Every structure is written in C-alpha cells, then in structure tokens.
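Work through these exercises with the sequence and the 3D view open. Try each task before reading its solution.

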Amino acid sequence: DNMITVADEYPDCGFLMVNEKIEGVENIYSIDFRTSEAGFLGGIAAADVAEQNGSDTIGFIGGMDEKIAIQEYFIGYIEGAKYYNPEINIVYNYVGSWGDPDKGRTQALAQYNDSGAAVIFACAGGSGNGVHQAASEVGRFVLGVDNDQSVGYSEQPEIQKAFITSCMKRMDNSIYNAIHKFLEDGTLPFGKNEILGLSEDVVGIVENDLYN
C-alpha cells in the first residue's frame, strides 16, 4: 500500500516491487516467485537422502497455513518427492506462528521420532529454528527456506551439518535481471506482475559442501 501511495505521488518515477503482487499501477513493475519449483527440487533432494538412510518418510513444517508462497513450497515439495519416489510418505504440521521455535522443535521431534521422517522441510520463519535444533539433536536432516539458512549456523556446526540444502528465492538475481532489462530496453513492463522461476534463475536450491 505504501509503494502504491508513493508511486501515485511520483508518477514520472518507475518503481520495482519484489516478492509482492501489484498489478494495474502504470509505474510499478512487480516480481513474484514460483516457489513450487524450488520446493520440487527440495523434494527430490529430501526423498533421495531419505532413501540413502533407509527411510520412506519425509516431513514438512510450516509456520501458518495462510501464505500462498508457503503452500506453493509445500505442493512443490510433495510433487518433487513423489517424482523421485512415488511410494514416499510425507507428514506435515503447521506451528500456527512464525515465531515459536519451541513448538517447531516439538513438532519436528514428533515427526523424526514417531513418524520416522529422515528429512524435514522447515518453512516456518523463526519457528523453523526449532526444527533445525531438533534435527541436530536426533541426527536427522533438514531443508532451509528462502535463503541458505545453514550460513546462520557457522558457529554451531552441530546444527549446520544437519542441512542438506535450502530452497531459495533468488532476490539477488531477480533484482539484477530487472536492472539489466531496464538498461538494455530502456523500460520495464510497468503495470504488470510477473511470476518468475527456475528458467529465469530466480528460484533454486543451495549447492554447497553440505549438499555435496
């Protein structure tokens, strides 16, 4: 709402909105992400690691079941895992909060210990920190979300090594590509919202030493 207000005040200036849908404002170009495509790759990775560890179960823990991006991550995760192993089981919970790591940890421990999940995709904001902790406690694995979350545990290697990868929105590439397009073409498709994904290299998974 704030950007729309400012865009109206400065009609001769172009605006770029990233990770939020705005359509029909003639001087705003907005970009959103096909998070399902990142989730699909994460699902393949999770199913592969589960198979390597003799498990047929993976998990998902979301923050709140209210965000389309979270739902798309989850759907892509299911589809990727089923693509790799059609017989895989997927258990899931929603914390009901983006900031309750204790509940996230409790739900993760139940998935790991009671349901036998080998990997959990933590898509839960600050609540996901509890999932990361639980993975390290039981010697299982976790997927991060939006960025390379393993980097945040550089001083906690016992948690860091639980990450197999993270499903990412590539904010860096999306902004760079928009600037490049503007400089090349002299304009952007203002007034439109574009949903970009793997083919534009703006979603993906982390491929680092932990992934390898």
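The exercises below go from the whole chain to single residues, and the model used is a predicted one.

**Exercise 1. Overall build**

Task: Describe the fold content and the dimensions of the protein.

Solution: 
- Start with secondary structure. The protein has seven helices and nine strands.
- Next, take the box. Along the principal axes, the C-alpha atoms fill roughly 60 × 35 × 30 Å.
- Then test the radius of gyration. A compact globule of 212 residues would come near 17 Å; the protein has 19 Å, so the two agree.
- Look at burial. Of the 212 residues, 42% count as buried.
- Finish with contact range. Take the contacts between residues at least 6 apart in sequence: 64% of them join residues at least 24 apart.

**Exercise 2. The largest pocket**

Task: Work out which elements line the largest pocket, and with what kinds of residue.

Solution: 
- Begin with volume. The largest pocket holds about 510 Å³.
- Count the lining. It has 21 residues, and Asn19, Lys67, Ile68, Ala69 and Lys169 lie nearest the centre.
- Assign elements. β2 (28–33), α3 (68–84) and β6 (141–146) each supply at least two lining residues.
- Pick the main contributor. α3 gives the most, with five residues.
- The lining divides into ten nonpolar, four polar and seven charged residues.

**Exercise 3. The second largest pocket**

Task: Find the helix that gives the largest share of the lining of the second largest pocket.

Solution: 
- Take the volume. The second largest pocket has about 230 Å³.
- Locate the lining. It includes Leu41, Ile44, Ala45, Asp48, Val49 and Gln52, and also Ile164, Ile205 and Tyr211.
- Name the helix. α2 (residues 35–52) supplies six residues, the largest share.
- Eight lining residues are nonpolar, two are polar and two are charged.

**Exercise 4. Helix α5 and its cover**

Task: Identify the buried residues of helix α5 and what covers them.

Solution: 
- List the buried residues. In α5 (residues 128–138) they are Gly128, Gly130, Val131, His132, Ala134 and Ala135.
- Look at what packs over them. The cover includes the strands β3 (57–62), β5 (119–123), β6 and β7 (163–169). It also includes the helices α4 (101–113) and α6 (157–160).
- Step past the end of the helix. Just after α5, Gly139 takes a positive phi of about 70°.

**Exercise 5. Ser30**

Task: Decide whether Ser30 is buried or exposed, and find its side-chain partner.

Solution: 
- Ser30 is found in strand β2.
- Apply the cut-off. Buried means under 20% relative accessible area. Ser30 has 0% relative accessibility, so Ser30 counts as buried.
- Find the partner. The side chain of Ser30 makes a polar contact with the side chain of Asn193, at 2.7 Å.
- List the surroundings. Beyond neighbours within four places in sequence, Ser30 is in contact with Met17, Glu20, Lys21, Ile22, Lys192, Asn193 and Glu194.

**Exercise 6. Glu51**

Task: Classify the exposure of Glu51 and trace its link to Tyr84.

Solution: 
- Glu51 lies in helix α2.
- Check the separation. Glu51 and Tyr84 are 33 residues apart along the chain, and their C-alpha atoms are separated by 9.9 Å.
- Read the link. The side chains of Glu51 and Tyr84 make a polar contact at 3.0 Å.

Notes
Residues are numbered from 1 along each chain as its sequence is written. This is a predicted model: local features need pLDDT of at least 70, side-chain atom pairs count only at pLDDT 80 or more; totals for chains, interfaces and linings use all residues. Side-chain values use heavy atoms; hydrogens and water are left out. On a 1 Å grid over the protein atoms alone, a cavity is a set of points where a 1.4 Å probe fits but cannot get out, and a pocket is an open set with protein on both sides within 12 Å along at least five of seven lines; lining residues have an atom within 4 Å of a point. Grid points are joined across faces, edges and corners, and a volume is the space filled by probe spheres set on the points. Helices (H or I, at least four residues) and strands (E, at least two) are DSSP runs, numbered from the N terminus. Ala, Val, Leu, Ile, Met, Phe, Trp, Tyr, Cys and Pro count as nonpolar, Asp, Glu, Lys and Arg as charged, and the others, Gly among them, as polar. Buried means under 20% relative accessible area, exposed over 50%, partly exposed in between (1.4 Å probe, protein chains only). Contact means heavy atoms within 4.5 Å. A polar contact is a pair of N or O atoms within 3.5 Å; within protein, one must be able to donate a hydrogen and the other to accept it, and residues adjacent in sequence count only if both atoms are side-chain atoms. The radius of gyration is taken over C-alpha atoms; the globule rule is 2.2 Å times the number of residues to the power 0.38.
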